[in-house]
Amino acid sequence: MENPFKFGTVVDEEYFTDRVNEVTYIRQFINSPNHLVLISPRRFGKSSVVAKALKLSGRRSITVNLQQVTSVQDLSAKILREFFKLYPLERIRHFFEHFRIVPTITSNPVSGAISVSFVPGVDSNTLLEDVMGLLEKTSTEKDRLVFVLDEFQEIKEIAPKLDKQLRSIMQDQKHINYIMLGSQESMMSEIFENKKSPFYHFGEMMRLGKLPRADFHKYLSERLSGFFPETSGQIADLILDYTSCHPYYSQQLAATIWQIKALQPDIQDVFPVAINYIVRTHGLDYERLWIKLNRTNKWILQHLASGSPLQTGEHRTSTIYSALKRLQKEGYVIYSDGYELEDPFYRQWIIETNS
Ligand SMILES: Nc1ncnc2c1ncn2[C@@H]1O[C@H](COP(=O)(O)OP(=O)(O)OP(=O)(O)O)[C@@H](O)[C@H]1O
Ligand SMILES: [Mg+2]
């Protein structure tokens with residue numbers, strides 16, 4: 001029997017639960033001429049919810065993850081490569097007549113994969129304008145392309161003024177809907193809510209929360225019931241208490257419980273065994289992360305892990321606040337109902353190694 005839980009990649013079909021309102025909202029939104037900015041901490045399900053909405057809407061779309069982009073030239077190449085997945089080269093060959101810098105396009109006859117390259121040293125701004133122009137030219141009022149830019153906050157890191165350049169190109173486009181995704185709340189707010197930013201009020205801001213407990217509980221217990229006919233509901237509760245309904249970690253824990261039961265059916269109390277297994281598997285990484293932290297950060301993480309108050313008088317409020325912001329930016333801490341450790345297994349590791 002295949003493991004009914006999945007974590008780490010975009011989830012769809014039977015692995016996808018709830019998000020009904022979000023999917024409806026995104027679908028409606030891309031039918032308007034407006035753009036959407038979707039923010040949540042890492043692994044809350046941004047890519048999955050957008051993929052679901054796009055699939056149901058049947059719209060043409062391309063996705064580029066800015067975290068994987070190294071330069072403006074690379075960005076242009078990646079957009080083109082995505083674009084070729086929608087259109088066979090033969091159908092759009094004539095559009096390249098308008099390109100000021102013609103790319104070299106090669107197709108692997110076996111895998112069908114397309115690779116795109118440009119002559120070294122070309123003006124990358126012209127390149128980006130031409131590529132973005134191609135997207136607009138192949139779209140119409142009735143058939144608007146959806147362009148998803150994942151980890152959009154990275155725009156600031158790729159090249160100076162890239163945000164300004166991209167914004168001015170987008171200004172003239174009429175038939176493309178943009179969806180910008182980001183997992184760094186403060187940087188995304190800076191890009192879309194600071195009056196001085198080129199992307200100020202570019203799109204509607206939407207924040208994705210954790211999955212609603214009742215739906216997620218149903219999802220988990222239904223799938224666990226094959227192995228745990230009597231106790232699946234209880235185990236689902238234990239999982240959601242432990243992960244505070246975090247989509248990724250809940251699926252990870254459920255998948256591990258399922259796996260252990262499949263391999264060792266005689267184990268009675270699987271829940272602590274699964275947690276122990278995950279914490280041990282990541283022990284080395286956790287240790288590496290830990291030794292890189294300064295004392296204040298260690299102190300804060302210890303207190304968050306054990307649920308102790310931070311206002312003990314040991315550190316100034318301003319110190320705690322700025323450290324929390326930094327830890328949030330680096331992904332250790334998330335702000336959901338309050339500040340909490342992002343990874344419940346790291347929380348466990350911290351409690352165990354510091355007690
Ligand atoms: N609607 C959902 N139903 C069930 N599980 C989900 C759902 N959304 C997300 N998950 C779980 O969370 C994991 C991460 O989802 P996804 O990759 O879509 O999140 P993300 O916010 O795009 O993450 P990242 O910050 O890494 O880009 C999935 O692999 C899955 O285990
Ligand atoms: Mg994602």
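This is a predicted model: local features need pLDDT of at least 70, side-chain atom pairs count only at pLDDT 80 or more; totals for chains, interfaces and linings use all residues.
Figure 1. The helices α2 (46-57) and α11 (247-263) each contribute at least two residues to the shell around ligand 1; helices are DSSP runs of H or I with at least four residues, numbered from the N terminus. Of the 21 residues around the ligand, Lys6, Thr9, Arg42, Ser48 and Gln251 come nearest. A residue is near a molecule if one of its heavy atoms lies within 4 Å of it. Residues are numbered from 1 along each chain.

**Figure 2. Polar contacts of ligand 1.** A polar contact is a pair of N or O atoms within 3.5 Å. A polar side-chain atom of serine 48 lies 2.5 Å from an oxygen atom of ligand 1. Glycine 8 has a polar backbone atom 2.9 Å from an oxygen atom of the ligand, and for a backbone N or O atom of phenylalanine 44 the distance to a ligand oxygen atom is 3.3 Å. Taken alone, ligand 1 exposes 630 Å², and the protein buries 95% of that (Shrake-Rupley method, 1.4 Å probe).

**Figure 3. Residue classes in the shell around ligand 1.** The shell has 8 nonpolar, 7 polar and 6 charged residues; Asp, Glu, Lys and Arg count as charged, and Gly is among the polar ones.

**Figure 4. Domains and ligand 1.** The domain assignment, automatic or from a database, gives domain 1 (19-207), domain 2 (213-281) and domain 3 (283-353). Domain 1 and domain 2 each supply at least three residues of the shell around ligand 1. The centres of domain 1 and domain 3, taken over C-alpha atoms, are 35 Å apart.

Terms used. Chains are lettered from A and ligands numbered from 1 in the order in which they are written. Side-chain values use heavy atoms; hydrogens and water are left out. A polar contact is a pair of N or O atoms within 3.5 Å; within protein, one must be able to donate a hydrogen and the other to accept it, and residues adjacent in sequence count only if both atoms are side-chain atoms.
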